[in-house]
Amino acid sequence: MERSEARLAQLLDRQVETYTLFQDSPILADEPMRTAHQAGQDGVALRIRLASYRALPLSCIENIELMIGGTRYPAEALTLFIGNVAYCPAETAHLFDRWWFILDHATVFVPTGSLGRGPHRVEIKLATVEPYITAGRFTFHHADARDLTVAEG
Amino acid sequence: MTNQPAKGLKLGTTLYSLTTEYHSRKYGFADLVRKVAADGIGPGLEVVGYQSIRGFPEVSDEFADEFRGLIEETGLVPSCLGINADININRKKPMTDDESVEYHTRQLKAAAKLGFPVARYQYPAGPKVIERLAPVAEKLEVKLGLEIHAPHHSQHPDVLAFREMYDRVQSPYLGFIPDMGSTARTVPPSFFEARQASGVPVDVIELAKDYWHRDGDPHDKQEAFISECRARGFADLHIMPVMMIFGLFGRAAPESWAEIIPQCVHIHGKFFDFEDDGEEIAVDWKRVLPVFVDGGYDGYMSSEYEGHMWTDFNGFDRIKRHHAHVSQIMGSL
């Protein structure tokens, strides 16, 4: 069965805490970030993909956060575009019918203001939950890091 | 086209084994299917709906036509569609039984549209929902197979609940899919090597091996393992990636499958690492295969490689080795 780690939640039914698994996964697209403008803010847009073996609904994206050049941008600061629809990653808990297919890149807008060409150190953390867990919370924390330049959007 | 064993059990591949190749975009879906055929690791073809099909469980006519074309072109046989019981898809509340029946029905329709005779379902669906799906499965002519995966086995209380329901309902469209990771003889070495390479202390690994080989309930062993590691001052960061072994690899005896073989609709041939002489290390295939052959199983088995969770080894090569290993054993039975 795929994603067998998720089965561990069954073993954790009797546990009170939430267990997490950290792993490095390819999330950031290997290409320049693009300058972008969103809701009155200047920043950059970069493409990311889901670190999961299967498609997930947005309700299973527990957290996204980025660090660009040492500055942290939490989920509330980001805008996530999937199929040209904009979402705030911090407000997706109810979106169990909006899907992110694993071969599709999403675009994240980060309100960095005006960044130089770089390269800049970009780190991303993506936390997902497997939806077939019946009890407890088992979160997979994926992390990726790249040095990316900025190109005109 | 493939090494066909002498007995009725037929080989195949689940595309889940090729998650790394697919996720990296090195191979698209059609490329994977063609390479499975070209590498002779069919004839059975298993697919996970939410992995391979954009928009699943909605299957476009276009995709269905493309898939049918691929099957005709390659001569592979659709053996099983992996469907999911996504009970907690809505983080605010778990699915009701009605919602779950609907969620599964859509996936069963997808299986029927694509020509899969079997759908792999997951035990979180629960016996009540699956009982309600039996007439749906019958109408669509898609068998529902409960995957029995570590730490479950044929006698586990969770599985007995399904067996009791099956006995009561008596539908030929309700069956089982044994996963050989449930009846392993050891944890594959590559797993511990990967964990050690990522910084898990050797002492944690040695303790894990010790606990895994002990008799006892996997839940209890896992709790005891975690407690002892913490008592010894090891960090959760190192404990958690290792404690997975109790849920990934089970120690039930392969012979325990015998009593449910008449109800088996598919097999997940889980495998991992090989010795130089071709023997698989974690699963004792010489012991496993006779159980199914003697039991008269004549369906498909998907070679299921899950090592992509902790290694970057070539999935196609691994599957070829598994097919060779299984074929050799089957030929000697």
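Buried means under 20% relative accessible area, exposed means over 50%, and partly exposed lies in between (1.4 Å probe, protein chains only). The model is predicted, so local features need pLDDT of at least 70 and side-chain atom pairs count only at pLDDT 80 or more, while totals for chains, interfaces and linings use all residues. Residues are numbered from 1 along each chain as its sequence is written, chains are lettered from A and ligands numbered from 1 in the order in which they are written, and side-chain values use heavy atoms, without hydrogens and water.

A salt bridge is a side-chain nitrogen of Lys or Arg within 4 Å of a carboxyl oxygen of Asp or Glu. Over all chains, the whole structure holds 32 salt bridges.

Start with chain B. B:K270 and B:E304 are both buried. They form a salt bridge, with the closest N and O atoms 3.9 Å apart. B:K270 lies in strand 7 of chain B and B:E304 in strand 8 (residues 301-305) of chain B, so the pair ties together parts that are 34 residues apart in sequence. Strands (E, at least two residues) and helices (H or I, at least four) are DSSP runs, numbered from the N terminus.

Another salt bridge joins the side chains of B:R251 and B:D215 (3.2 Å, N to O). B:R251 is partly exposed because its relative accessibility is 35%; B:D215, at 67%, is exposed.

Chain B also has a network of salt bridges that links B:K35, B:D39, B:D317 and B:K320.

In chain A, the side chains of A:E65 and A:R72 meet in a salt bridge (3.0 Å, N to O). A:E65 is buried, at 14% relative accessibility, whereas A:R72 is partly exposed, at 46%.
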